[in-house]
Amino acid sequence: MSAPHIDIDHLAMLSRLALTDAEKTKLTTQLGDILGYIEQLQQVNVDGVEPTAHATPIFNVLQADEPRPGLSVEDALRNAPAQRDNMIVVPRVVE
Amino acid sequence: MSDTPLHFKTVAELSSLLANGSLTSVALTEAVITRTLAVEDRVQAFNSHDRESALNQAKASDARRAAGRSLGPLDGIPIGLKDVIAVRDQPLTASSKILANFVSPYDATVTTRLRDAGMVFWGRLNMDEFAMGSSTENSATRITANPHDLTRIPGGSSGGSAAALAAGQLPATLGSDTGGSIRQPAALCGVVGLKPTYGRISRYGLIAYASSLDQIGPFGRTVEDVAMLLQAIAGADDRDSTSFDAPVPDYRAALSAPRERPWRIGIPKEYFGAGLDPEVATAVQNAIAHYRSLGAEIREISLPHTEYALAAYYIIATAEASSNLARFDGVRYGHRSREAETLLDIYFKSRAEGFGSEVKLRIILGTYVLSSGYYDAYYGRAQKVRTLIRQDFTRAFGEVDVILTPTAPTPAFKRGEKSADPLAMYLADIYTIGVNLAGLPAISMPCGFTTAGLPIGLQLIGRPFAEADLLAAAHAYDHANDWSKHTPNL
């Protein structure tokens, strides 16, 4: 692979991060360094190798679909930045 | 035992004193609080603590014991949790500004199990923000010092858990380990730390960093203490579908169980190459010699894909992190920007203000490796390399019982030495990361000190869910050497 192309504005948008120009410059350099290091994986022969998503031999875990107590409304809202009438308040989404 | 101050006694010793009535939980908890406050201005291991809550728990423990209803060997013993594990009604910050005012509405499963064992919660311990780091310098709350040399870092990300234990501020702590975050700080602070098999312990109530790698584990002064703590928290949990329903044996009893044949210990040549500090190498060779003198059979082995583990880790871990940390959006909990006018603004600005620079870097890197056009070349390839790394270990365990390596390539480094260069910092985890990719259990224990007085750690790696064997192999060395008696002068 050639030197990776880094579109920091696109990545910041996907990541939902408002970055300053100074942060963009620094992150682009750091990302370039790390991608350069990661490049060594291209040397490994992975033909016919299955991917590992996690290391435990567990696949489907099923349990009975029965209701049980969860967080109370009060507990669920105790860390909400803004709330009213048992709901979380956000700015208007639809004009 | 008698001349060790209370704050440097082991959990096993404290358990005996509580059981025979020569110590109360209230007296012990008060001693722990006094010691914490006496050295905390130098160590800076705690994000928060709650004296009234701790003393109330201690009183309840003493009352249970007086009524003949003790909850077992850990009842009344204080423990501190890394500030990434939920304790109901206590702050939970992950050492991040984005959770600066968060109070947990529920208990993690490990917290529930420690309550059921009667342990007394004292303190929320500092860490690298969201467990991303190897020095605890990425904390947004404070900089924790290594108790053996206050100008040096304690390791990370569970630096507060290791430093508080080494400093005598707590007799036991919990941390979490995604790429070495229990074992590396344990090594650098001269204590014992266990990263259990992936699935051995429920992750319910652990703030997620990389879900396929994260595992909670105990820190203690001795392997025996770690075995006692593991006993309390191990086992399946229907709130974490990745926890595994394997039997939980009696880990403490296994430490001294007779063995039918000598240990076969594998020494992977890839873990002793360039970059290994000579004093660390010597201490580890001395430990190998000690095992040989105990009758162990030492075999050189090869884990040929070791050199690719760090690269695979930084793709997989950051990919998972970029997804996990999407939940911090300023809407339901956590920091919400005061500058935001639209919903989209809330996301962008709350995250920009709340996350530190290393967290932003890892979110950006994870987003990159998952993004359209790069997914197969990075994430897909890393998952295949992960398979090869697992197969290396599986093959090795066909001929050996445990694998012995250094825990970290160097002793504790100076504060600020690597903080400007993420890649240099990542190399601090080079010997611990393969274990997480393979999902294996591994322990770090002290194996000596440098001439400058810095602790050196030895890592033993075991087969999946064979913690009993791993702990027994570690105990054989730890019990005979007793490095835990070398406490820092604070």
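Helices (H or I, at least four residues) and strands (E, at least two) are, throughout this talk, DSSP runs, numbered from the N terminus. Good morning, colleagues. The structure above is a predicted model, in which local features need pLDDT of at least 70, side-chain atom pairs count only at pLDDT 80 or more, and totals for chains, interfaces and linings use all residues. Residues are numbered from 1 along each chain as its sequence is written, while chains are lettered from A and ligands numbered from 1 in the order in which they are written.

Let me begin with chain B. Chain B holds 16 helices and 11 strands. Its radius of gyration, taken over C-alpha atoms, is 21 Å, close to the 23 Å that the globule rule (2.2 Å times the number of residues to the power 0.38) gives for 490 residues, so chain B is as compact as a globular protein of that length. The C-alpha trace of chain B spans about 65 × 55 × 45 Å along its principal axes. Of the 490 residues in chain B, 62% are buried. A residue is called buried if 20 or more other C-beta atoms lie within 10 Å of its own, exposed if 12 or fewer, and partly exposed in between, with C-beta atoms placed from the backbone. Two residues are in contact if their C-beta atoms, placed in that way, lie within 7 Å. Among contacts in chain B between residues at least 6 apart in sequence, 76% join residues at least 24 apart.

Next, helix H2 of chain B, residues 25–43. This helix has a kink of about 35°, centred on B:Leu37; the bend at a residue is the angle between axes fitted to the seven residues ending there and the seven starting there. The buried residues of H2(B) include B:Ser25, B:Leu28, B:Val32 and B:Val43. What covers the buried residues of H2(B)? The cover includes helices H1 (11–19), H3 (51–66) and H5 (159–166) together with strands E1, E2 and E3, which belong to chain B. Just after H2(B), B:Gln44 adopts a positive phi of about 60°.

I turn to strand E3 of chain B, residues 120–125. In E3(B), 6 of its 6 residues are buried. Two strands pair if DSSP finds at least two bridges between them. Strand E1 (residues 46–48) of chain B runs antiparallel to E3(B), joined by 2 bridges, and B:Ser48 stands opposite B:Arg124. Strand E2 (residues 78–82) of chain B runs parallel to E3(B), joined by 4 bridges; here B:Pro78 stands opposite B:Val120. With helix H4 (residues 109–116) of chain B, E2(B) and E3(B) make a right-handed β-α-β unit. A crossover is right-handed if, with the strands pointing away from the viewer, the path from the first strand over the helix to the second runs clockwise.

Chain A presents another picture. Its secondary structure comes to 3 helices and 2 strands, in the order α-α-α-β-β along the sequence. Chain A has a radius of gyration of 23 Å, whereas a compact globule of 95 residues would have one near 12 Å. Buried residues make up 14% of the 95 residues in chain A.

Finally, the contact between the chains. It takes 41 residues from chain A and 55 residues from chain B. Helices H1 (8–15), H2 (21–38) and H3 (73–77) of chain A are the elements that give two or more residues to the side of chain A that touches chain B. The largest share of that side, 7 residues, comes from H2(A). Thank you.
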